[in-house]
Amino acid sequence: MRETRIIIEPGRTERNYWQDLWRYRELFYILSWRDIKVRYKQTVIGAVWGILRPLLTMIVFTVVFSRIAQLPSEGAAPYAILVFAAMLPWQFFANALTESSNSLIGNANLITKVYFPRLIIPASSVITSFVDFAISFALLFVLMAWYGYAPSWNMVFLPGFIVLAFFTAFGVGLYLTALNVKYRDFRYIIPFIVQFGLYISPVGFSSNVVPDHWRWLYNLNPMVGVIDGFRWCILGESALNRQSVLTAVIISVLFTWIGIRYFRKMEKGFADVI
Amino acid sequence: MKPIIKVENLGKKYLIRHEHPERYVALRDVLANRVKKIFSFPKSLRAQQSAVDFEEFWALKDLNFDIQPGDRVGIIGRNGAGKSTLLKILSRITEPSTGRVELNGRVASLLEVGTGFHPELSGRENIFLNGAIMGMSRAEIRRKFDEIVDFSGVEKFLDTPVKRYSSGMYVRLAFAVAAHLEPEILVVDEVLAVGDAEFQKKCLGKMEEVSTREGRTILFVSHNLSVVQTLCEKGIYLKAGQIAAAGSIDDLVSAYIREQHQKENNREPISFGRIRVNQIKTTPSTIRSGDRLSVEVSWLAVQNCSIIGGALLLYNSAGVRVGIIDLRSKLVYKKMTEGECMFINIDINRVNLIEGTYSLGLYLNTTDRSGDIYDLASVTIEEQNQDTGIAPYEQRYRGLVNFHFEIH
């Protein structure tokens, strides 16, 4: 018989948290697998939807911002690619927020019946959104081939920015998840945040159109840095805006920290509240 | 021997909020309250108010007990006595407020059959999903996969989404996974209430086998006292969050039933639509199996009404209905005027039930309401006189009925 010893006392879960998280990694894997499987099983157009949504938004944005508003692209990059390079991290961020904030309530039956570190649930829904991201990423290459536009060598730095996008989404998502359990009407606010964010982030336009003296304020939105980074890697037409990327790194680390802390503070009560 | 579960001073406190009876808080209320508070009440008044807002409620208090490896322990008690809270703490779903629990082994908790089953996924996929949720590793599930499928008997539908399963198949598959967990401690709540009787028996058998052969510890909660008695040897009787008694399960179950009855005996008449049903009188209140029992049923009409049908119901201590006595010949379409009382006397000539405590209820169908009323009286039936000189088999093996028979 394996010698296992578990002590339960007030505040104990708190101390063994990271150890437990590691012990339950298999569950984390299985739950992500379930979410992905269900997502692509439920609808025939599951995968198609993952492609269609960014594609249609990209077309609309290109028409509105480039043709109607006459905003400039970056260098020689086709406007469609400029938009799509930003659409990728934005869609990921938006999906991750929406999915993770609903994840705990959607899994209430699990939370009230089994023990595991609750962090696994929102984390696995961020992973699910990441799969959508990977699918639409393939579309980027199709788009580039269509326009005959070669990617820049900066592409090698892209994984770094993907990680940055991931942690931004994870941190903010976690915070909203905990809020959503505490205040059950918070879910009405989340679609608004997502929609609002789409317009205040430089998705449909280049962040270069923002006047320089307002840039510092604009950069406080961590998605500005993420999108700047993605564009720099994919298009490589203008120099990297170090300031916005640096702000994004700081803010995403901060958010991840706050998100985890707040989530863990709330976590103990989830089973009693949900 | 070192106990496998050691519980010291365990307590769980909940704060009951009087202001918001809902379980969660709405952001709009919080914001509205803040704004209100800025403009209204002076500080002292507000402090007073918030003191009234919360009330402490101890779902469990000062629990101390040890459980030895291989024990099968039943936890009994009324609704709200803290049984589920205790199981939730032991399975780490919620944290205790005070005290300490030491578990010397892996715990698997079966608070529900098929936790996390996803309707869209196939049976095969759900075995892996559910197994992982219950704490099995993928390698472990793969190793036991065939055995699980075999036990569940749904191999033909393994690749069908479980949403197309019948509820019986669903439960069988779910329990098959649970039955193959290999924890040292198995915590089981009420789960056996679902599923057909035959499968229930199979599950109980499996649990018993697992516990005796492999020395596994089982903690079991169920409202079905006879199941608890069958499966467990020891028990803990919880009352209002504290241990009222602990020891042999048979003693505890009878103590529990006795107390339930004392409570029932001095109860008020029960309103049922336009009538008030009195407690049923039985004479005598204790009989020997095979003896005659007289029962008096009565009710009062509070308003004019008519009685369409009715029956006397008899239940055993496990809540199984053992029989009814149809009263329609006496009261069908009986019109009652306000203030009128109705008495019915029933003689049951031979009560051929095995010993135990039985409860009497009434089914009534009146102009404005129909349904069952439970626990209107209880009657104790004692063991029959044995003239053969052979000690009877143990009660739990003897089913429900004492036959009158001759062997030639």
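Across the interface of chain B and chain A, 3 residue pairs are in polar contact, both residues at pLDDT 80 or more. A polar contact is a pair of N or O atoms within 3.5 Å; within protein, one must be able to donate a hydrogen and the other to accept it, and residues adjacent in sequence count only if both atoms are side-chain atoms. This is a predicted model: local features need pLDDT of at least 70, side-chain atom pairs count only at pLDDT 80 or more, and totals for chains, interfaces and linings use all residues. Side-chain values use heavy atoms, without hydrogens and water.

**Chain B side**
- Two or more residues each come from S1 (5-17), H1 (27-39), H3 (83-90), S4 (98-103), S5 (107-110) and H4 (123-133) of chain B. Helices (H or I, at least four residues) and strands (E, at least two) are DSSP runs, numbered from the N terminus.
- S4(B) gives the most, with 6 residues.
- The side divides into 19 nonpolar, 13 polar and 15 charged residues.

**Salt bridges**
- The rule finds 2 salt bridges across the interface (a side-chain nitrogen of Lys or Arg within 4 Å of a carboxyl oxygen of Asp or Glu).
- Glu125(B) pairs with Lys37(A) in a salt bridge, with the closest N and O atoms 2.8 Å apart.

**Extent**
- Contact (heavy atoms within 4.5 Å) links 47 residues of chain B with 46 residues of chain A.
- The buried area is about 4200 Å², with 57% from carbon and sulfur atoms. This is accessible area (1.4 Å probe) lost on putting the two parts together, summed over both.

**Strands across the interface**
- Strand S1 (residues 6-8) of chain A and S4(B) run antiparallel, joined by 3 bridges.
- Val101(B) in S4(B) is the bridge partner of Ile8(A).

Definitions and conventions: Residues are numbered from 1 along each chain as its sequence is written. Chains are lettered from A and ligands numbered from 1 in the order in which they are written. Ala, Val, Leu, Ile, Met, Phe, Trp, Tyr, Cys and Pro count as nonpolar, Asp, Glu, Lys and Arg as charged, and the others, Gly among them, as polar. Two strands pair if DSSP finds at least two bridges between them.
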